[in-house]
Amino acid sequence: MNIIKRIFGIIWILLAPVCLYFLIVNALHAFAKADKAIEAAATEAAKTAAEAAKTNTILQWSIIIIIFLPIAAGLVIFGKYAFTGEYDSTAPAQNTMA
Amino acid sequence: MKGSQSGIWKVISASSVGTLIEWYDFYIFGSLAPIISKQFFPANAGTSALLSTLAIFAAGFIVRPFGALVFGRLGDIVGRKYTFLLTLILMGSSTFAIGLIPGYKSIGFAAPLIVLALRLIQGLALGGEYGGAATYVAEHSPTKKRGLYTSWIQTTASIGLVVSLIVIMLVRENMSTGQFNDYGWRIPFLVSAILVIISIYIRMRMNESPLFSKLKSDGKTSVNPLKESFSHKLNLKMVLLALFGATMGQGVIWYTGQFYALSFLENTCKINFDDAIGIVMKAIIFATPFFIFFGWLSDKIGRKWIMLLGMLLGVLTYFPIYRTFLNNTNVTEIAKTTAVKESTVPVITTATLDNKDSVVTTTNTVTLANGFAYKQTITDTVNKDMQGQPQHAKTVYAEKKVTSSAYWCFVFLVFVQVLYVTMVYGPIAAFLVELFPTRIRYTSMSLPYHIGNGVFGGLVPFLSTLIITYTNSPLSGLWYPVIVAAVCFVIGLLYLSPKANQNVLDDSNASFNPLNTVI
């Protein structure tokens with residue numbers, strides 16, 4: 001069981017950058033889509049609305065990526081702990097718990 | 001013994017009522033967001049739309065975990081009682097203030113700025129409240145009943161949602177739509193003040209947690225809970241395990257079962273608003289006692305397997321459940337086998353476009369023989385050169401009223417999803433408090449809880465909608481909660497200890513009875 005725990009540790013380490021990559025690619029895709037909407041706007045009012053929508057999109061994705069950075073770092077640390085046997089059955093538990 | 005029993009119920013009720021009110025306050029903003037947007041964040045007012053996004057996004061994703069750190073630290077240094085009293089005051093006063101702010105038309109740009117600030121305070125307060133309430137109740141509970149007693153705190157999020165919807169519906173029913181949009185929406189915010197004052201009065205009369213008091217009198221409280229929580233490896237690994245092996249999956253199961261289900265019924269299945277709300281409210285009311293049941297059960301068989309089973313069932317059954325929603329509201333398929341009972345006289349409107357083409361919209365309400373009804377809108381574009389021949393005919397079905405049997409089937413299916421919520425959420429407060437020692441418990445348990453719920457859970461609507469736009473499949477949005485819950489299930493399965501009822505009296509002598517100190 002401890003070996004499985006350690007092997008999965010590698011998966012958790014790799015999962016973090018994969019998730020981050022997925023988020024960044026989607027963010028860039030959303031920005032490009034917003035740019036196209038601005039270009040396609042026929043009237044001035046539609047253009048203003050599309051520009052506001054783009055700013056909103058940038059803001060939303062920025063918040064998501066910024067908040068996910070420390071979470072991804074946490075997942076890497078979690079994976080590292082798992083890989084080095086910190087969660088093995090014989091590893092020291094919380095020292096204050098009975 | 002009797003005194004201890006009445007004492008613990010005072011502790012539970014004082015903590016639960018306050019937490020319930022905090023959830024109520026947080027939800028009414030979300031439920032009334034469309035009206036609030038019109039009042040404070042008009043779309044044509046440029047930057048105000050940005051502030052609206054910030055109010056909705058930042059309050060859940062950034063400020064809640066930040067509140068967990070700020071108030072968690074305070075709770076581990078000053079004490080639980082005064083900290084969760086402070087969060088209640090902050091939440092109540094900001095909610096009440098939102099009900100008083102003049103609209104954008106009256107004070108201009110100041111209106112969205114003030115609302116944003118108050119909404120962020122709400123998120124901050126919510127981030128500090130839950131950890132305090134859960135810790136406070138757990139530190140008063142005997143070891144073998146910790147799951148049962150803390151599960152009362154767990155009911156408050158669902159009850160808070162139901163209460164907020166009931167208050168909004170009551171206010172709505174007692175005035176016209178125009179009056180409600182004009183000033184009636186403020187009433188649910190103002191009502192909060194009464195509830196908060198009562199709750200503050202109750203909490204003021206409570207004593208500090210006996211475990212924390214003992215720790216303080218012994219001079220063993222943490223000087224720097226943040227450093228101790230997140231820089232000591234023994235504790236950090238538990239914080240990470242709590243997040244990735246429990247709260248992450250719990251958050252997505254929770255949001256999918258209660259919020260995504262409502263959104264899917266209303267926006268994807270196009271069921272009329274009253275029926276969609278009715279279905280979800282009934283399901284939540286029927287399922288709420290199971291928070292207590294699974295909290296109690298976790299004292300008997302351990303927390304781990306109940307929480308993991310809830311996640312696994314969600315992973316395995318979400319797709320069939322949501323497919324049933326779609327099939328039972330698919331007008332094209334239902335109309336093939338059921339005759340039309342009656343159809344209202346079509347209302348036809350014509351609009352001429354800039355290029356002289358015309359858009360003809362035909363709207364009528366159709367009721368089928370089995371009771372299924374829907375509003376049908378057919379949009380035809382008539383090209384000026386086509387001499388009246390319509391092009392691009394598009395039919396949209398909305399405001400569907402499902403048959404009685406389908407209605408109760410939907411109630412059952414949402415109930416099943418909320419049952420999963422009770423499995424993952426019922427035992428989690430006891431699970432979290434048992435992971436961490438008293439001196440840093442408030443800080444350590446609050447952060448994984450609010451990242452799991454605020455970030456992973458809060459992203460369910462956004463990421464699910466995003467996936468749907470890429471795939472054009474209405475069920476594809478479920479991949480986000482299913483994958484997150486599946487990963488969390490595997491992590492929990494591998495790394496969580498099945499041990500139950502760990503001794504929370506870590507810094508005290510074993511014979512110490514926390515209930516003796518309760519007034």
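Is B:Asn472 buried or exposed, and how many other C-beta atoms lie within 10 Å? B:Asn472 is exposed, because 7 other C-beta atoms lie within 10 Å. The legends below concern a predicted model, in which local features need pLDDT of at least 70 and side-chain atom pairs count only at pLDDT 80 or more, whereas totals for chains, interfaces and linings use all residues. Residues are numbered from 1 along each chain as its sequence is written, and chains are lettered from A and ligands numbered from 1 in the order in which they are written.

**View 1. The loop residue B:Asn472 of chain B.** B:Asn472 lies in the loop between helix H20 (460-471) and helix H21 (479-495) of chain B. Helices (H or I, at least four residues) and strands (E, at least two) are DSSP runs, numbered from the N terminus. The phi of B:Asn472 is positive, about 60°, although this residue is not a glycine. Most residues other than glycine have a negative phi.

**View 2. B:Glu399 in strand E5 (residues 390-401) of chain B.** B:Glu399 is a residue other than glycine with a positive phi, near 45°. It counts as partly exposed because it has 16 C-beta neighbours inside 10 Å.

**View 3. Strands E2, E3 and E4 of chain B.** Strand E3 (residues 358-368) and strand E4 (residues 373-382) pair in the antiparallel sense over ten bridges; pairing requires that DSSP find at least two bridges between two strands. B:Thr365 stands opposite B:Lys375 in E4(B). E3(B) and E4(B) form a hairpin with four residues between them, and B:Gly371 in the turn has a positive phi of about 100°. E2(B) also pairs with E3(B) in the antiparallel sense, over six bridges, and B:Thr352 stands opposite B:Ser358 in E3(B). Of the six residues of strand E2 (residues 347-352), the number buried is zero, so E2(B) lies largely in the open.

**View 4. The largest nonpolar core and B:Leu265.** This core has 148 residues, and those with the most contacts inside it are B:Ala134, B:Leu265, B:Val424 and B:Leu432. Its largest share, 18 residues, comes from helix H12 (residues 233-268) of chain B. A nonpolar core is a set of buried Ala, Val, Leu, Ile, Met, Phe, Trp, Tyr and Cys residues joined through C-beta atoms within 7 Å. Apart from neighbours within four places in sequence, B:Leu265 is in contact with B:Ile271, B:Ala276, B:Ile279, B:Phe325 and B:Phe410; a contact means that two C-beta atoms, placed from the backbone, lie within 7 Å. Buried residues make up 49% of the 519 residues in chain B.

**View 5. Chain A and its residues 93-98.** Chain A contains two helices and zero strands, and its C-alpha trace spans about 70 × 25 × 15 Å along the principal axes. Of its 98 residues, 13% are buried. The mean pLDDT (the predictor's confidence in each residue, from 0 to 100) of chain A is 85, and 91% of its residues reach 70 or more. Over residues 93-98 of chain A pLDDT stays under 50, and the model has 13 contacts beyond four places in sequence for them. Where pLDDT is low, the predicted coordinates should not be read in detail.

Definitions and conventions:
Buried ≥ 20, exposed ≤ 12 C-beta atoms within 10 Å, placed from the backbone.
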